[in-house]
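Here's a quick briefing for anyone meeting this structure for the first time. Have a look at it, then read on.

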Amino acid sequence: MSKRICPVCGIGALEKILTSITLSDPSGIEKTIEISEYKCPACEAEGDLFGENDRVIQDEYKKMRAEAVASMLEKFHSKKISLSAAERVLELPQRTLSKWKNKSMVPSASAALLIRYVNLFPWLLDVADNKFNPKNAQQIHVAVAMRDLYEMTKGSEATNLEDLRHNTMT
Amino acid sequence: MLKQPYHDFDAFLKACKVRARSRVVVLRKAQDDARNDFGLKTSGEILRFIANGGLEQLEFINSKLWENNPDPSRPVIVDGYEFVSRMKRGYVALMFNKVTGYWTIKSFHISDNANLPFVDAFKKAGFISGGDNE
């Protein structure tokens, strides 16, 4: 038992407990880690009351981020995105993306964010390739949106027609 | 139920700004919710977010007695606030224990009144008071 007094109520002697927390990344990666926390038997306050786990949690998120970026970059090939072209467009030193892909270098939080955006909206590379010209960017955006809308509508129209035909026949 | 916050919020902000030997405690549930609802991964991130003005459009909701207080002879009051961050409306509950000198963040989650414009309208019209946040 720890001799620390509960900072919440000032009465209970804190007990150290082991607990597990699940951390998740927007890419879907999840990790459960074990951490030690405090629990007050008097007021039932529970948690990392002195922020002692912050470093451990941050390190785990860093590892998850590296995994997520590597996994997204793996998919760039199937999306016909060349890493060297992306590096040129994003003004990154050559081989940076490869190093992130094979996890020999850990991307920063902002770098990971950039990859998440490009993974979600690959046309952002075209925007960058046009030197972020607002007019060109708008044209690229609208063209992609129209294409996506067309694809979505095509699918839903077919479904609706099928539904209509089915309803008419029955 | 008080109509004004019991605690000095500026004093709380000041406490959040102190990095070393912080006098602000974040309870487990609040930390989990802050992580899931707002992407604030650690207690340090929560405190820095608050210290840097992250709780926008802060609105006092109510004050209540701390239910788990093991010493009722020394009542501890919990102040509840709603805030906005981008498209999310959140709820934060905090209390200060004069005995220990520590602030405690008891809740930090998406507000139960989030995305309900008619609730806002009713509140502004004075038909209803605070939400059911805990």
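How many bridges join strand E3 (residues 77-85) of chain B to strand E4 (residues 88-97) of chain B? Eight bridges join E3(B) to E4(B), and the two strands run antiparallel. This is a predicted model, where local features need pLDDT of at least 70 and side-chain atom pairs count only at pLDDT 80 or more, while totals for chains, interfaces and linings use all residues. Residues are numbered from 1 along each chain as its sequence is written, and chains are lettered from A and ligands numbered from 1 in the order in which they are written.

**The sheet of chain B**

- Five strands make an open sheet of mixed pairing, in the order E1-E5-E4-E3-E2 (chain B); strands (E, at least two residues) and helices (H or I, at least four) are DSSP runs, numbered from the N terminus, and two strands pair if DSSP finds at least two bridges between them.
- At the edges sit E1 and strand E2 (56-65) of chain B, each pairing on one side only.
- On average, neighbouring strands here are turned by 25 degrees against each other, direction ignored.
- H2(B) packs on this sheet and touches E1, E3, E4 and E5 of chain B, with its direction at about 40 degrees to that of E5(B).

**Helix pairs**

- In chain A, helix H1 (residues 54-76) and helix H4 (residues 109-120) pack at an angle of about 30 degrees, with their axes 10 Å apart; axes are lines fitted to C-alpha atoms, for helices over the stretch in contact, and angles run from 0 to 180 degrees between N-to-C directions.
- That makes H1(A) roughly parallel to H4(A) (angles under 35 degrees count as roughly parallel, over 145 as roughly antiparallel, 65 to 115 as roughly perpendicular and the rest as oblique).
- In chain B, helix H1 (residues 9-17) and helix H3 (residues 43-51) pack at about 130 degrees, axes 8 Å apart, which makes H1(B) oblique to H3(B).
- B:Leu13, B:Cys16 and B:Lys17 of H1(B) make that contact with B:Leu47, B:Ile50 and B:Ala51 of H3(B) (in contact means C-beta atoms, placed from the backbone, within 7 Å).

**Where the chains meet**

- 19 residues of chain B are in contact with 20 residues of chain A.
- On chain B's side, the elements giving two or more residues are strand E1 (24-26), helix H2 (28-38), H3 and strand E5 (102-110).

How values were computed: Two residues are in contact if their C-beta atoms, placed from the backbone, lie within 7 Å.
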